[in-house]
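Colleague: I am new to this structure and would like to be taken through it. Could we start with the loops and then go on to the rest?

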Amino acid sequence: MKRGYWYIILTAVIFSTMEIALKEVSGSFHPLQMTFTRFLAGGLFLIPFAVRTLKKKRASLNWKDLPGFLLLGFVGMVLSMSIYQMSVKEVPASVVAVLFSSNPIFTAVLAFFMLKEPIRRNQIAALLLEIGGILAIINPFHTSLSPYGVLLAMISTLLFAVYGVMGKRRCARFGGVVVTCASFLCGGAEMLFMILFSRLPMVNKWLAGSGLELFANIPLLSGYSWNTLPWMLMICIVNTGLGFACYFKAMEETSAQETSLVFFLKPVLAPVFAFFILGEVISWNMGLGIAFILIGSLLALLPGLRAVQKLPKTPGA
């Protein structure tokens, strides 16, 4: 098996433990504090990879690129990932993991409207299957899940798809690892500004009085202990930094279509890890939803994978 596939498997395993690690410390850290720490550390970890990519592409960043990366960081980190972190507190980690794995299909639909990319029949069928899988997991008629938590997970998934589509043109110019690193660092800086701003007495009082306690007096360094430190290191270094590094190494060794198999494997692996580590039960509707999402993901990926297999096996292919 070629090296790129090992990167795909490793990425899928790392990404599948993300929600579990977040669940373990969700009661110790503020959701926005966690988002800030995770992506600032992840961005710093990716800097050497980003510098190497820029040298390979003979490209450079300048101040004119900053507004675009600030917007990416705001949508992807400040909005999407903060809401994602909030959803992990409300519903089981396995549910969030499976729902979030449907984001490639939302990306295809958004690319059709935002980038005028064609949407194929298999993608429409995949989207319907994904929706069926989501409904099966939620089980709206006999649900024990928090509707608020499910809504947060879906909003986060949709916003992350918007982030992906917005960053697509920049990926063609700078490379995916550069775009990810820059957006992580910009998002982390924006989160830091938000945290410091929320701690101003007048702002804190106004937010608390307006029913926005979540955004008032956001902690920066609280919650750390010898019990939470290993999980935080795993979240920041392994899940975020190393996970995205392996993801882009897989992209270099294989193709974008093959690398997206990560989101095909995650709905299978995440509930299994959640069962053994957190004791979360895999219910019948959860299993049915996973099956729908897997079939939908495979249906969306098959044409691209077949096209990749037909390419000539040469160094420049």
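This is a predicted model: local features need pLDDT of at least 70, side-chain atom pairs count only at pLDDT 80 or more; totals for chains, interfaces and linings use all residues.

Colleague: What is the phi of Asn217?

Modeller: Asn217 has a positive phi of about 50°, although it is not a glycine. Most residues other than glycine have a negative phi.

Colleague: And how exposed is Asn217?

Modeller: Asn217 is partly exposed, at a relative accessible area of 37%.

Colleague: Which loop holds Arg58?

Modeller: Arg58 sits in the loop between α3 and α4 (66-90). The phi of Arg58 is also positive, near 55°, and Arg58 is not a glycine either.

Colleague: Is Arg58 buried or exposed?

Modeller: Arg58 counts as exposed, with 81% relative accessibility.

Colleague: Let us step back. How many helices and strands does the protein chain have?

Modeller: The protein chain has 15 helices and zero strands.

Colleague: What share of the residues is buried?

Modeller: Of the 317 residues in the protein chain, 50% count as buried. The chain exposes about 15600 Å², and 71% of that is supplied by carbon and sulfur atoms.

Colleague: What about contacts along the sequence? How much comes from residues 24 or more positions apart?

Modeller: Among contacts in the protein chain with a separation of 6 or more, 85% are between residues 24 or more positions apart.

Colleague: Which residues of α5 are buried?

Modeller: Helix α5 covers residues 93-100, and eight of its eight residues are buried. They are Ala93, Ser94, Val95, Val96, Ala97, Val98, Leu99 and Phe100.

Colleague: Which residues does Ser102 touch, apart from its neighbours within four places in sequence?

Modeller: With those neighbours left aside, Ser102 is in contact with Glu130, Ile134 and Thr157.

Colleague: Let me ask about another serine. Which helix holds Ser82?

Modeller: Ser82 is found in helix α4. The residue is buried, with a relative accessible area of 2%.

Colleague: What is Ser82 in contact with, leaving aside neighbours within four places in sequence?

Modeller: Its contacts are Leu32, Thr35, Met77 and Met191.

Colleague: A change of topic: how many disulfides are there?

Modeller: A search of the whole structure finds zero disulfides. Cys186 is in no disulfide, and the nearest cysteine sulfur, that of Cys181, is 9.3 Å away. A disulfide requires the two sulfur atoms to be within 2.5 Å.

Colleague: Is Cys186 buried or exposed?

Modeller: Cys186 is buried, with a relative accessible area of 11%. Cys236 likewise counts as buried, at 6% relative accessibility.

Colleague: Which residues line the largest cavity?

Modeller: The lining consists of Phe49, Arg52, Thr53, Val177, Ala245, Phe248, Lys249 and Glu252. By class, that lining has four nonpolar, one polar and three charged residues.

Colleague: Which helices supply at least two residues each?

Modeller: They are α3 (31-57) and α12 (229-253). Helix α12 gives the most to the lining of the largest cavity, with four residues.

Colleague: Why might residues three or four places apart in an α-helix point the same way?

Modeller: An α-helix has 3.6 residues a turn, so residues three or four places apart point the same way.

Key. Residues are numbered from 1 along each chain as its sequence is written. Side-chain values use heavy atoms; hydrogens and water are left out. On a 1 Å grid over the protein atoms alone, a cavity is a set of points where a 1.4 Å probe fits but cannot get out, and a pocket is an open set with protein on both sides within 12 Å along at least five of seven lines; lining residues have an atom within 4 Å of a point. Ala, Val, Leu, Ile, Met, Phe, Trp, Tyr, Cys and Pro count as nonpolar, Asp, Glu, Lys and Arg as charged, and the others, Gly among them, as polar. Buried means under 20% relative accessible area, exposed over 50%, partly exposed in between (1.4 Å probe, protein chains only). Contact means heavy atoms within 4.5 Å. Accessible areas come from the Shrake-Rupley method with a 1.4 Å probe; for residues, only the protein chains shown count as cover.
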